[in-house]
Structures are given as C-alpha cells and as structure tokens.
Amino acid sequence: MNIRLEQTSDFREVEELTREAFWNVYRPGCTEHFVLNQYRNNPDFIPELDFVMEEDDKIIGHIMFSKAELVLDDGSRCPSWTFGPISIHPDYKRKGYGIKLLNYALERAREIGIGFLCMEGNINFYKHAGFGLASKMGIHYHAEPRDAEVPYFLAQELIPGWLKSNGIVEATYCPPKGYFVADANPDAFEAYEATFPKKEKTLQPGQLPQFCQSCGMPLAKNEDCGTNADGSINFDYCKYCYQEGHFLQDCTMDEMIEHCAQFIDEVNKNMPQPMTREEYVAMMRKFFPMLKRWRK
Ligand SMILES: CC(C)(COP(=O)(O)OP(=O)(O)OC[C@H]1O[C@@H](n2cnc3c(N)ncnc32)[C@H](O)[C@@H]1OP(=O)(O)O)[C@@H](O)C(=O)NCCC(=O)NCCS
C-alpha cells in the first residue's frame, strides 16, 4: 500500500473512485465526484493535502482538504480548515485502509500548521482518528440550533490548544460554498454526470432522510418518487407533485402550504406530539423556503 500526492493524470480515475465510493450511500446517486472535479480549481483547495492511496496497482483511496472559516460571536471570522470527500473503493472498504489514509493525511496537515479541523461525518469512523463532537468544544453548526449536540458535526484540534490560542471560546461553522457546487449548478452537474457510465440510483436504508423538494413529504422508497420525462425515477419530488417531467400543480409556495395543511391528521400519526394546524403551517413556512422548488 502506498500513499502519495494526487497528480493531474490521476484526476479522472480519482473522480471515478469517488463516485463508486459514495454512490447511493447518503442519497440516491451522489455528487461528491463533481465537488472534487470543481474544487481543484477553488482557492480554498489545499494541493499539498490532496492524497491518493494505491494498492494492487490501482488507486483505491483519496482524501482532500479545504480552507474554511469559523464565525465568532462578534461577527469576526477566523481561518480554519475542513476535509472531504474521503473515499475508499467499495471493494476495499472496512479493511483498515480508510483510517490509515486519514491518519497519514492528518499528520501531514499538522506538519504544515493546520491546527483545527471540523467536518460532518460518522463518529464511529472518525473517532478512530481523534475526532469528537464539535459542540463539546464550543463550535456550533450553522444549520442546527446553537445549543444542539449535533451527532454528525465533528472536530479535532490537531495542534493542542489551538482554539484557546486563537481566542476562540465559541464559534459557528458553515461548510465552504464549494461543497454545494452541484446544487448551485444542476445543469453543469448533469452534463458532467453524463460522462460516466450509467449507474442505477435508488433510495435505500441508511441514507440521510430524503424529502420531496416541493411538498416536504418524506421519500422512503422508490415508489414514493415522481417520474422524469423519460419515465425514470425523479428522486427530488414525490409522485403527487411531479410526473413525467412536470409539476402536477402550478402553484405558489403559500398555496402548496395551504394544500399540505389539509393532511395534518396524517402527519400527526408520525409525530411524538400532535401539532395544531397553525403549528404545522408555521413549521412549513420555515422549512419550505429551503426546498429546491421554492428556493430563491
Ligand atoms: C468512510 C470510509 C472512508 C471508511 O474507510 P474504510 O476503509 O471503510 O474504514 P476502516 O476499515 O479504516 O475503518 C476503521 C474503523 O472505522 C469503522 N467504520 C468505518 N466506516 C464506518 C461507517 N461507515 N460507519 C461506522 N463505522 C465505520 C470501522 O468499523 C473500523 O472500526 P473497527 O476497526 O473498530 O472495526 C469508506 O468506507 C468510504 O469511502 N465510504 C463511502 C464514502 C464515505 O462515506 N466517506 C466519508 C464521508 S464523511
């Protein structure tokens, strides 16, 4: 097994590896290979920490790092760092390669002066490389309530005392914009994805919860989803909102909220505490502007 810096000639192979590693793991399909494809030109990308792992004469692993920022309570910003995607080819998963690659990269990161990292991930893997819950270090996640203990938001001081020596008692982290490149450029992503061999997307257990991006209905199985013009499954929208490439109702966000409010009794069946219609509407007014159909 060998770990070395990524070369230009590795780019496509590493993107193929990333696509294989992430496919259907967190959502139907994946976008992490496009993030990597775009990030190498991003000023936040750190080329000295862009590693591949080789075994059996091929690349089986990859990790990249990025500059990031922490926002302090007075609104000032402090440079910080994050990493990912990290990928191990499915044929080599759970054999100890991932942790070796991560520990190697963290050591190199420490050597070049990276003092603190935070990122989103599964603690059951990252605890083996010294990560803990970021909330325990006073670092909050931008998309969660400030006092929440966010189980997937992890951090580590690579240089002990780095937070204190930078005067940070509490701060908030938002992932760098470059990580959202597929959402921001859906057409560019689709064109890029079309350059790979077709792979079947599917909803499966263990993925992050998926919701219809028009009405918020949970999408638990492929049958809940709408269809594209060519008859394939559309994983963004439910079958009640989207069929054959078209929305079934031409409506505003407020009209959709009114429409959904009729189903309050159905929704309450899955709630620990039943909501009133007013509470349900208030919740939708907060949540719907983040859905793809209504996002400005
Ligand atoms: C996550 C990933 C990089 C881990 O690499 P790996 O080579 O499979 O992991 P390792 O064999 O080095 O695992 C080290 C330890 O972490 C644990 N672990 C690894 N992946 C885990 C996961 N997804 N969930 C829970 N525990 C995990 C292993 O059980 C192992 O612990 P053990 O030695 O006590 O059994 C790899 O599985 C992968 O590429 N997954 C798909 C892409 C992905 O999820 N990337 C990370 C995004 S945050």
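Reader: Before we start, when does a residue count as buried?

Author: A residue is buried if 20 or more other C-beta atoms lie within 10 Å of its own. In this structure, which is a predicted model, buried residues make up 27% of the 296 residues.

Reader: What helices and strands does the protein have, by number?

Author: The protein contains 10 helices and 13 strands.

Reader: And how does its radius of gyration fit with a compact globule?

Author: The radius of gyration is 21 Å, which agrees with the value near 19 Å that a compact globule of 296 residues would have. The C-alpha trace spans about 60 × 50 × 30 Å along its principal axes.

Reader: Which domains are assigned?

Author: The domain assignment gives domain 1, residues 2–181, and domain 2, residues 209–290. Their C-alpha centres lie 32 Å apart.

Reader: What is in the largest nonpolar core?

Author: That core has 42 residues, and those with the most contacts inside it are Ile63, Ala105, Leu117, Cys118, Leu154 and Ala155. Strand 3, residues 58–72, gives the most to this core, with six residues. A second, separate core has 13 residues, among them Cys215, Cys225, Phe235 and Cys241.

Reader: New topic: how many residues surround the ligand?

Author: The ligand is surrounded by 19 residues, and the closest are Lys93, Gly98, Ile99, Gly121 and Asn124. Two or more residues of this shell come from each of helix 1 (11–22), strand 4 (77–88), helix 3 (97–111) and helix 4 (123–126).

Reader: Which element gives the largest share?

Author: Strand 4 does, with four residues. By class, the shell around the ligand holds eight nonpolar, eight polar and three charged residues.

Reader: What does Asp224 touch?

Author: Not counting residues up to four places away in sequence, Asp224 touches Leu219, Cys238 and Lys239. Tyr237 is 13 residues from Asp224 in sequence, with 8.7 Å between their C-alpha atoms.

Conventions. Residues numbered from 1 in each chain as written. Predicted model: local features only at pLDDT ≥ 70, side-chain atom pairs only at ≥ 80, totals over all residues. Near = placed C-beta within 6 Å. Nonpolar A, V, L, I, M, F, W, Y, C, P; charged D, E, K, R; others polar. Rg over C-alpha atoms; globule rule 2.2 N^0.38 Å. Buried ≥ 20, exposed ≤ 12 C-beta atoms within 10 Å, placed from the backbone. Core = buried A, V, L, I, M, F, W, Y, C linked by C-beta atoms within 7 Å. Domains from an automatic or database assignment. Contact = placed C-beta atoms within 7 Å.
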